[in-house]
Amino acid sequence: MIDTIGILSPYIDENLAKIIENQGKKFIKIDCNSGVIEFEFINNNLNGSYDSRISISVKREAWIKSLKDGIPILSKTKPYLYIECSIHKLLLGHNCYGGSSDFNLCIKYLIIFIQKSLDIKLPQYDSWRVKRVDSAECYLLETKKHCMHWFKTLSSVNFARRNTCTFGETGVYLSGSTTTLKFYHKGSEFKKHDKIRLNRYFKKDYLLNTIDKAEKIVRVEVEIHKKKLVSDFSDSKELLEKNEYFTSLGFNFSCDNLPFIELITSNYLNKVHDNQVFKFLKESDVGMETVRKSLDVRERIFNSFESSLAGNLFGFWYQMTTLGENLVKSKMQKRTFYKYRKLLIDNSVSWVDTDITRDESRVINFSPIRSSPRRMLDVDSIIIEKLKEVI
């Protein structure tokens with residue numbers, strides 16, 4: 001599902017920029033000692049469907065590479081737009097479930113929606129570039145308690161070189177320069193941020209049903225940052241061809257290394273999403289069925305390796321599930337740690353949510369990967385009908 005997006009327009013003319021700015025709010029920071037204006041900008045927070053916010057900013061500067069040495073310099077430019085919003089909330093009012101994965105169609109809907117709301121004409125939707133996109137998946141468990149139990153198991157895993165923030169038993173955020181990975185209980189997040197706002201738009205029964213379902217949902221988001229998009233697309237043949245095509249149509253841009261809308265495909269988003277989840281959980285939907293209960297793990301290991309190595313691996317697995325990845329790593333030679341961990345991963349052995357740390361009957365055998373039978377696939381009928389309008 002597509003959630004929050006951030007897109008950049010080609011350069012626009014000054015008259016259009018002024019029209020948009022005149023409907024926004026100006027923010028100025030002044031040094032009171034010197035009277036110097038440190039910065040000023042105008043931001044237009046357009047009310048979308050269900051009071052979902054659409055941030056529209058007019059920009060007049062960008063980091064442009066110096067012709068002399070190629071070092072980027074913050075330079076004055078023609079005006080262009082940066083738009084950021086949750087496309088899921090714009091279409092449905094909430095982002096608990098039921099979102100669309102059609103990135104191109106979602107952006108087309110957004111551009112048309114803004115044009116109608118402000119009575120303006122914007123550059124064609126496929127000429128915009130992508131600076132941020134959040135790819136999300138939702139998984140429906142049996143109860144809220146199952147969700148809480150699963151979040152407790154995440155203490156045994158680690159994502160190298162990431163700042164990890166935990167929110168009690170309801171979420172884990174792993175921030176990085178290229179992506180941010182988020183696992184959280186949707187019910188808790190929804191009641192905190194959206195419930196009051198949506199009381200004005202939804203009937204009580206619909207809202208209660210939404211909350212009831214959200215209480216049983218584990219949501220996984222991968223926020224793809226500008227650095228990742230530049231790395232993945234800046235040298236691609238497809239981007240070069242698109243740059244030449246839109247330049248020939250008279251479009252000019254504040255940057256030339258970010259992908260156009262059409263280059264962000266479902267395959268690309270799924271690949272990035274799966275890769276980030278795998279790096280954290282060390283589980284994927286490729287290969288054998290994942291085992292996590294002690295008897296199943298022992299059978300898998302001893303059937304795959306000679307007895308001496310199998311004994312060491314089983315002991316290693318026991319430590320990983322009871323002590324956690326970070327502590328085990330600190331007590332072992334790094335070479336041995338990574339060798340043993342890779343052997344477990346390659347043989348689909350998990351140390352998350354095992355019967356060692358809890359009663360066997362409480363192991364829910366859940367992993368938030370896209371092949372999971374708990375993955376929520378249906379697109380809400382409201383979104384389907386709205387997107388039909390722009391096809």
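Modeller: Start with glutamate 223. This is a predicted model, and in it glutamate 223 is buried, at a relative accessible area of 14%. A partner of this residue is arginine 132. Their side chains meet in a salt bridge, 3.3 Å from N to O. Arginine 132 sits in strand β6 (residues 129–140) and glutamate 223 in strand β10 (residues 217–224), so the contact ties together parts that are 91 residues apart in sequence. Arginine 132 is buried too, with a relative accessible area of 16%. The cut-off for buried is under 20%.

Lysine 182 also forms a salt bridge with glutamate 223, and here the closest N and O atoms are 3.3 Å apart. This pair links distant parts of the chain: lysine 182 belongs to strand β9, glutamate 223 to strand β10, and 41 residues separate them. Lysine 182 and glutamate 223 are both buried.

Now widen the view. These residues belong to a network of salt bridges that links Asp3, Glu84, Arg132, Asp134, Lys182, Arg219, Glu221 and Glu223. Over the whole structure, the search finds 22 salt bridges.

Another bridge joins a helix to a strand. Arginine 60 pairs with glutamate 14, and their closest N and O atoms are 2.4 Å apart. Arginine 60 lies in strand β4 and glutamate 14 in helix α1 (residues 14–21), so the bridge ties together parts 46 residues apart in sequence. Here the two ends are not buried. Arginine 60 is partly exposed, at a relative accessible area of 27%. Glutamate 14 is also partly exposed, at 34%.

Asp3 leads on to a pocket. Asp3 is a member of the salt-bridge network. The second largest pocket has a volume of about 350 Å³. Its lining has 20 residues, and those closest to the pocket centre are Asp3, Thr4, Ser86, Lys89 and Asn95. Two or more lining residues come from each of β1 (2–8), β4 (53–65), β5 (72–86), β9 (179–185) and α5 (186–193). The largest share, three residues, is from β5. By type, the lining divides into eleven charged residues, six polar and three nonpolar.

Next, a helix. Helix α3 (residues 103–118) has 16 residues. From first C-alpha to last, α3 reaches 23 Å, close to the 22 Å expected at 1.5 Å a residue. The helix is mostly covered, with twelve of its 16 residues buried. Among the buried ones are Phe103, Leu105, Cys106, Ile107, Tyr109, Leu110, Ile111, Phe113, Ile114 and Leu118. Asn104 and Gln115 are on the buried list as well. Just after α3, aspartate 119 takes a positive phi of about 55°.

Finally, the cysteines. The search of the whole structure finds zero disulfides. Cysteine 106 is in none; its nearest cysteine sulfur, in cysteine 85, is 9.6 Å away. Cysteine 106 is buried, at 1% relative accessibility. For cysteine 138, the closest cysteine sulfur is that of cysteine 96, at 7.7 Å, too far for a bond. Cysteine 138 is also buried, at 0% relative accessibility.

To return to your request, keep two pictures in mind. Glutamate 223 forms a salt bridge with arginine 132 and another with lysine 182. Arginine 60 and glutamate 14 form theirs, with arginine 60 partly exposed and glutamate 14 partly exposed.

Notes
Residues are numbered from 1 along each chain as its sequence is written. This is a predicted model: local features need pLDDT of at least 70, side-chain atom pairs count only at pLDDT 80 or more; totals for chains, interfaces and linings use all residues. Side-chain values use heavy atoms; hydrogens and water are left out. On a 1 Å grid over the protein atoms alone, a cavity is a set of points where a 1.4 Å probe fits but cannot get out, and a pocket is an open set with protein on both sides within 12 Å along at least five of seven lines; lining residues have an atom within 4 Å of a point. Grid points are joined across faces, edges and corners, and a volume is the space filled by probe spheres set on the points. Helices (H or I, at least four residues) and strands (E, at least two) are DSSP runs, numbered from the N terminus. Ala, Val, Leu, Ile, Met, Phe, Trp, Tyr, Cys and Pro count as nonpolar, Asp, Glu, Lys and Arg as charged, and the others, Gly among them, as polar. A salt bridge is a side-chain nitrogen of Lys or Arg within 4 Å of a carboxyl oxygen of Asp or Glu. Buried means under 20% relative accessible area, exposed over 50%, partly exposed in between (1.4 Å probe, protein chains only). The expected span of a helix is 1.5 Å times one less than its number of residues. A disulfide is a pair of cysteine sulfur atoms within 2.5 Å.
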